[in-house]
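Thank you all for coming. Please take a moment with the sequence and the structure before I start talking through them.

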Amino acid sequence: MRDLSADWAARSDVPKFVEELIDRCPSDLHPMAQLSIAVNALEHESAFAKAYAKGMKKTEYWGHTFEDSMDLIAKLPTIAARIYQNVFKGGKVAPVQKDKDYSFNFANQLGFGENKDFIELMRLYLTIHTDHEGGNVSAHTTHLVGSALSSPMLSLAAGLNGLAGPLHGLANQEVLNWLTKMKAAIGNDLSDKAITDYLWSTLKAGQVVPGYGHAVLRKTDPRYMAQRTFAEAHLPDDPMYKLVSQVYKIAPGVLTEHGKTKNPYPNVVRIMHSFPSCPATRVGRRVIALFGSCFPTGDGSG
């Protein structure tokens, strides 16, 4: 792992023109749109595109694809952090520390390098978000565009555009909005009745309960449980975590009774918002990146 982290750190420099593209984006342009612009622009650096233009053999495709993919993984945290800093902070991004690991550097660039718990959370978060099968929108789209021999840069950018949809990666934003509205409506009343009534009010309004259900799984997402274990260890008394936990207790029964949900259990996005210091919690807009800022980074390396 040290060698891999060192390799990514060595590849992490983002071209100046890509930094300028990000800096020129309006601050109210969705972070995922900014991320897609930046990744598309990295096509200028694509080893695959340059080699293909020179007439490389099919047997050489994999090598250039690998190099582009490694470059992308290395640069994504710095790109996502720059977007986050531009939109929510002062715009300054700390340089990558070549002797530190991938997750530390990303946390540090987001502004949380002194928070040891947050760094550990980022290590967990990025690791579990690399676990994406080929059937979801972003993974499928990336594979599909790549099958046309588009470079990894163009292929990932296409996948990120799919990730930005509210039924995929943007579900994190939808979960945060729903929880925030719920908190405002019920206040500190976390009784079974209050939670049940609010769940039913959502369903009867013709809306979904965001963060529940999965296209493949028919039980609680193990990635949700990994984050839940972290939350129980580090912030068991946090008000938002208590709300998320109570919803977890009540929602499966309500959704089962409702009868329109094949999997009434939470997926990976349901719990991340109980971490109050997580950029994705405060940003909500998903970089917010992916890396939206956190999710795309993990997905990209997956």
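Before we look inside, one convention: Ala, Val, Leu, Ile, Met, Phe, Trp, Tyr, Cys and Pro count as nonpolar, Asp, Glu, Lys and Arg count as charged, and the others, Gly among them, count as polar. Please also keep in mind that what you see is a predicted model.

With that convention, let me turn to the largest cavity, which holds about 80 Å³ of space. Its lining divides into six nonpolar, three polar and two charged residues, and among the residues that line this cavity are Ser-5, Trp-8, Ala-74, Val-96, Lys-100, Asp-101, Tyr-102 and Asn-105. Helix 1, helix 5 (61-88) and helix 6 (102-110) are the elements that each give two or more residues to the lining, and helix 1 gives the most, with three.

Is Arg-11 buried or exposed? Arg-11 counts as buried because its relative accessible area is 16%, and the cut-off for buried is under 20%. The side chain of Arg-11 makes a polar contact of 2.8 Å with the side chain of Asp-7, and, once neighbours within four places in sequence are set aside, Arg-11 is in contact with Glu-67, Met-70, Asp-71, Ala-74 and Lys-75.

Nine of its nine residues are buried, so helix 6 is largely enclosed by the rest of the structure; the buried residues include Tyr-102, Phe-104, Phe-106 and Leu-110. At the start of helix 6, a side-chain oxygen of Asp-101 comes to within 3.0 Å of the backbone nitrogen of Ser-103, while after the helix comes Gly-111, which has a positive phi, near 105°.

Finally, the nonpolar cores. The largest of them has 21 residues, and those that touch the most other members are Trp-178, Met-182, Ile-195, Leu-199 and Val-247. Two or more residues of this core come from each of helix 10 (171-186), helix 11 (192-204) and helix 13 (239-258), with helix 13 giving the most, eight residues. Apart from that core lies another, of 20 residues, and its members include Phe-106, Leu-110, Ile-119 and Leu-126. Phe-106 and Leu-110 bring us back to helix 6, where both are buried.

Technical notes: Residues numbered from 1 in each chain as written. Predicted model: local features only at pLDDT ≥ 70, side-chain atom pairs only at ≥ 80, totals over all residues. Heavy atoms only, no water. Core = buried A, V, L, I, M, F, W, Y, C linked by side-chain atoms within 4.5 Å. Buried < 20%, exposed > 50% of the residue type's maximum accessible area, 1.4 Å probe, protein only. Helix = DSSP H or I, 4+ residues; strand = E, 2+ residues; numbered from the N terminus. Polar contact = N/O pair within 3.5 Å; in protein donor to acceptor, adjacent residues only side chain to side chain. Contact = heavy atoms within 4.5 Å. 1 Å grid on protein atoms, 1.4 Å probe; cavity = no way out; pocket = protein on both sides within 12 Å on 5 of 7 lines; lining within 4 Å. Points joined across faces, edges and corners; volume = space filled by probe spheres on them.
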